[in-house]
Amino acid sequence: MLIYCVCFVLLSCVCGRAQSSDWFQYTVSNGLPDVNITSTTEASDGALWFCSVNGVGRFDGATWQHFTTDNGISDNWVRSSFEDSDGRIWLSTGNGVSVYDGNTWERFTKEDGIIGEVAAKYGITESADGSIWVATNGGISRYDGNGWQRFTEDDELTSNEIRSLALTADKKSIWFASAGGVSHYDGFSWQHFSELEDVRSIAVAADGTIWASTANMGIHSYDGTSWNRASPAEVRYNGVNNIYAAENGDLWFASPVGVDRYDGNTWQSFSTPERAVGIVEGWDGSIWCITLHNILRFDRSEEHTSEL
């Protein structure tokens, strides 16, 4: 088992269709780099990277490593992490991005060509050609291994304030959530959707459907023709913070009122001790939920949850 649990918090589902779930909760006393966790990512070696306002922590199931500016990252405010095809870990921070090859950190800031200072949460990915894409508060930056290319509203982006991005299964198309709507790049041209406003998160489901969450307009899905809003009777809160597409096809939604799961047919709702801000899947299929001050782990194989 990946995690050794130290305490249990029993949480009841707020939706009649869902079963009761206990979430296992992890705090600073268990090794987290800070009480304020911003996001988490699982690497190919099974280690989990926990991003925080005080650097980043790596947990391999037994031991912790902590990295801060003292170790070479560009800023201690780490928004999210991403592993590329070479096994390098990229961090989006409050001052550009940092990349770790397993031994040393390399930093890229505005002086190196990144268009914005603050890289977005869930704002780094790698396309099929090996390019690294970074979403920032000043637009989008693309790194080809030699230099940075920039995309802004001048290239018809709906907004320079990019909140998150999502890659399609073939890794050839990227979707961007922004303050002004949604943008899509297929490797050749841009497509923009301004009918959605103040978009917070975007994800590509296993069937290729695009899902986007907004601050006040609820959750929408795009079938290739039009955007369709999820029924308010199924979604508990309009302002979903993060959408995560799991490998088994489930969609998970983190919001101030907890976590919702959609399997393509039915919705399930789970309460959390506090506001849920992010979701990620572990190597064993478990679902990790980030709240304001804790990390929660949900074991889908046994339909119960545990803490770190």
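This is a predicted model: local features need pLDDT of at least 70, side-chain atom pairs count only at pLDDT 80 or more; totals for chains, interfaces and linings use all residues.
Colleague: Which residue forms a salt bridge with Asp260?

Modeller: In a salt bridge, a side-chain nitrogen of Lys or Arg lies within 4 Å of a carboxyl oxygen of Asp or Glu. Here the partner of Asp260 is Arg236, with the closest N and O atoms 3.0 Å apart. Asp260 sits in strand β25, while Arg236 is in the loop between β22 and β23, and 24 residues separate the two. Arg236 is partly exposed, at 30% relative accessible area.

Colleague: How many salt bridges are there by this rule?

Modeller: The count comes to 6. One of them joins the side chains of Asp45 and Arg58, at 2.8 Å from N to O. Asp45 belongs to the loop between β3 and β4, and Arg58 to strand β5. With a relative accessible area of 52%, Asp45 is exposed, whereas Arg58 is buried at 17%.

Colleague: Which residues are linked in a network of salt bridges?

Modeller: Look for Glu161, Arg163 and Asp198. Between Arg163 and Asp198, the closest N and O atoms are 2.8 Å apart. Arg163 lies in strand β15 and Asp198 in the loop between β18 and β19, so this pair ties together parts that are 35 residues apart in sequence. Arg163 is partly exposed at 22%, and Asp198 is also partly exposed, at 26%.

Colleague: Now for the rings. Why is the pair of Trp133 and Phe176 called tilted?

Modeller: Planes under 30 degrees apart count as stacked and those over 60 as edge-to-face, with the rest called tilted. In this structure the count of aromatic pairs is 34. The planes of Trp133 and Phe176 stand at 50°, with ring centres 6.2 Å apart, so the pair is tilted. Trp133 is in strand β12 and Phe176 in strand β16, 43 residues apart. Both Trp133 and Phe176 are buried.

Colleague: Which residues do ring pairs link into a cluster?

Modeller: The cluster consists of Trp133, Phe151, Phe176, Tyr185 and Trp190. Within it, Phe176 and Trp190 have ring centres 5.7 Å apart and planes at 35°, so they form a tilted pair.

Colleague: And where is the patch of negative charge?

Modeller: It is on the surface, where Asp101, Glu106, Glu111, Asp112 and Glu117 gather. Asp101 is found in the loop between β9 and β10, and is partly exposed at 47%.

Methods: Residues are numbered from 1 along each chain as its sequence is written. Side-chain values use heavy atoms; hydrogens and water are left out. Rings of Phe, Tyr and Trp (its six-membered ring) pair if their centres lie within 6.5 Å; planes under 30 degrees apart count as stacked, over 60 as edge-to-face and the rest as tilted. Helices (H or I, at least four residues) and strands (E, at least two) are DSSP runs, numbered from the N terminus. Buried means under 20% relative accessible area, exposed over 50%, partly exposed in between (1.4 Å probe, protein chains only). Patches are made of residues with over 30% relative accessible area and no salt bridge: like charges are joined within 9 Å, nonpolar side chains (Val, Leu, Ile, Met, Phe, Trp, Tyr) within 5 Å. Accessible areas come from the Shrake-Rupley method with a 1.4 Å probe; for residues, only the protein chains shown count as cover. Lys and Arg count as positive and Asp and Glu as negative; His and the chain ends are not counted. The place of a charge is taken as NZ of Lys, CZ of Arg, CG of Asp or CD of Glu.
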